[in-house]
Amino acid sequence: MKSNPCESITAIRRHGNMHLRRPIRSQTAAIDIAPHAVTNISSAIIESAEDAIITKSLSGIVTTWNPAAQRMFGYSAAEMIGNAMARLIPIDRLEEEYQAVERLFAGERLPYFDTIRLHKNGTAIAVAVTISALRDESGEFAGAIMIARNMTGDVQRRSAAEQCLAIIDSAEDAIISKTLDGRIVSWNQAAQRLFGYCKYEMIGQFSLRLLPRNLHDEEHLIMQKILRGEHIDHFDTVRLHKNGNEVRISQAISPIYNDTGCIIGISSIVRDISSVP
């Protein structure tokens, strides 16, 4: 007869003496919770979890599969329970799984790790995984429990952000962004070539450093327009190189908005027009 994995989870809690760490309301009064009630609570937690919670036997056969696992991987519980967990794992990640189980069997505690698993339709899913030992009533190693969180959206956002940064850094025009109080927060390679300062010299500094003293009022006028949500196109002016020389530039200036539509900064695309008659 197959053991209920939820009972096994309860066994792990007892084996780990977790019940001893709970605050005791009274030294003379004890609260008894029936085993079936604990099992029902554990089942409810697993069923309602947002993360995929999957248990497997020592031979790698899936024994529990919660609704979040179905949403994440596309397989129903009926399709997965009794089948090998390996169908979720890309071939080039199988060794990673085997090593994780071996380390658990040796008594190690595994930190979470980022990896790839497969959806039913064959799509690769970026996941953050924790794997823990599942023990039986006698404390013997009986399998593993995996909790997986879908990180695909985060990975895609990071990838898109990294791509944007790469594009900005490889641009021929200087691209500079700053806060509403005038502090520079980004400075690409072209800005370094144009003005002579590396990004470590400029990030966190006020952009007024680049303006001749007689043009400081220009910055205030630009800020007023940006705060009204205006864009400034092809604005020709003069800025200062690190060596003190004036540089003729043409710049396009735009407000930077956050997710709620509030203006939080200013972006400038600056082109050197020193060689233009």
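In this predicted model, strand β3 is joined by six bridges to strand β4, which spans residues 124-135, and the two run antiparallel. Within this pairing, Phe 113 has Val 129 of β4 standing opposite. The pair belongs to an open sheet of five strands, whose order is β2-β1-β5-β4-β3 and whose pairing is antiparallel. At its edges lie β2 (62-65) and β3 (113-118), each of which pairs on one side only, and from one strand to the next the twist averages 35 degrees. Helix α5, made of residues 94-105, lies across β1 (52-57), β3, β4 and β5 (141-150), and runs at about 25 degrees to β4.

The largest nonpolar core has 25 residues, of which Ile 54, Trp 65, Phe 73, Leu 88 and Ile 131 touch the most other members. Two or more residues come from each of β1, β2, α3 (67-73), α5, β4 and β5, with β4 giving the most, namely five. Phe 73 illustrates these surroundings: leaving aside neighbours within four places in sequence, its contacts include Ile 54, Trp 65 and Leu 88, and also Arg 117, Leu 118, His 119 and Lys 120. Apart from this core lies another, of 15 residues, among them Trp 187, Phe 195, Leu 211 and Val 247. In soluble globular proteins, nonpolar side chains tend to be buried together.

A further set of strands involves β6, residues 174-179. Five of the six residues of β6 are buried, so this strand is largely enclosed by the rest of the structure. Six bridges join β6 to β10 (residues 263-272) in an antiparallel arrangement, and here Thr 179 has Gly 265 as its bridge partner. Strand β7 (residues 184-187) is also antiparallel to β6, to which it is joined by three bridges, and Trp 187 in β7 is the bridge partner of Ile 176. Between β6 and β7, which form a hairpin, there are four residues, and Gly 182 in the turn has a positive phi of about 90 degrees.

Helix α9, comprising residues 216-227, contains Glu 219. With a relative accessible area of 11%, Glu 219 falls under the 20% limit and is therefore counted as buried. Its side chain makes a polar contact with the side chain of Ser 207, at 2.7 Å. Not counting residues up to four places away in sequence, Glu 219 touches Lys 178, Ser 207, Leu 208 and Leu 211, and of these Leu 211 is among the residues of the 15-residue core.

Note on methods. Residues are numbered from 1 along each chain as its sequence is written. This is a predicted model: local features need pLDDT of at least 70, side-chain atom pairs count only at pLDDT 80 or more; totals for chains, interfaces and linings use all residues. Side-chain values use heavy atoms; hydrogens and water are left out. Two strands pair if DSSP finds at least two bridges between them. Axes are lines fitted to C-alpha atoms, for helices over the stretch in contact, and angles run from 0 to 180 degrees between N-to-C directions. Contact means heavy atoms within 4.5 Å. Buried means under 20% relative accessible area, exposed over 50%, partly exposed in between (1.4 Å probe, protein chains only). A polar contact is a pair of N or O atoms within 3.5 Å; within protein, one must be able to donate a hydrogen and the other to accept it, and residues adjacent in sequence count only if both atoms are side-chain atoms. A nonpolar core is a set of buried Ala, Val, Leu, Ile, Met, Phe, Trp, Tyr and Cys residues joined through side-chain atoms within 4.5 Å.
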